Amino acid sequence: VAQDHGYHATVADCLAWEEKHKTQIPEGAVVFFRSDWSKNWSTMTSETMPATYPGVTLAALKFLHLERGICFHGHEPLDTDMTPNLEGEA
């Protein structure tokens, strides 16, 4: 996200987290994606809102909910789906 403010987490990111922590995301877990987007909140106004926001791909959401059985997901920006075409709302 530091290099790409519009980065969306992927299945590969979820698997990398599991590998790093040597554990599978447990069924019933609540998963939050930290992007540090909120660190800039105090400097944003309606005129200076960024054009792109970090988020989570639909494939990653399906993986987490259908394959890992998580209960809930979230991330820092204003909406749970910041993809340009709102694909996570499907």
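User: Start with R34. Is R34 buried or exposed?
Analyst: R34 is exposed, at a relative accessible area of 67%. Buried means under 20% relative accessible area, exposed over 50%, and partly exposed in between, with a 1.4 Å probe and protein chains only.
User: What does R34 form a salt bridge with?
Analyst: With D36; the closest N and O atoms are 2.7 Å apart. A salt bridge here is a side-chain nitrogen of Lys or Arg within 4 Å of a carboxyl oxygen of Asp or Glu.
User: And how accessible is D36?
Analyst: D36 is partly exposed, with 29% relative accessibility. The D36 side chain also meets that of K39 in a salt bridge, at 3.6 Å from N to O.
User: Which class is K39 in?
Analyst: K39 counts as exposed, at 59% relative accessibility.
User: What is this based on?
Analyst: It is a predicted model: local features need pLDDT of at least 70, side-chain atom pairs count only at pLDDT 80 or more, and totals for chains, interfaces and linings use all residues. Residues are numbered from 1 along each chain as its sequence is written, and side-chain values use heavy atoms, leaving out hydrogens and water.
User: Different topic. How many salt bridges does the structure hold?
Analyst: Four. One of them pairs the side chains of R68 and E18, 2.7 Å from N to O. That pair links distant parts of the chain, 50 residues apart: E18 sits in helix 1 (residues 11–21), R68 in the loop between helix 2 (58–67) and strand 4 (72–75). Helices (H or I, at least four residues) and strands (E, at least two) are DSSP runs numbered from the N terminus.
User: Are R68 and E18 buried or exposed?
Analyst: R68 and E18 are both buried.
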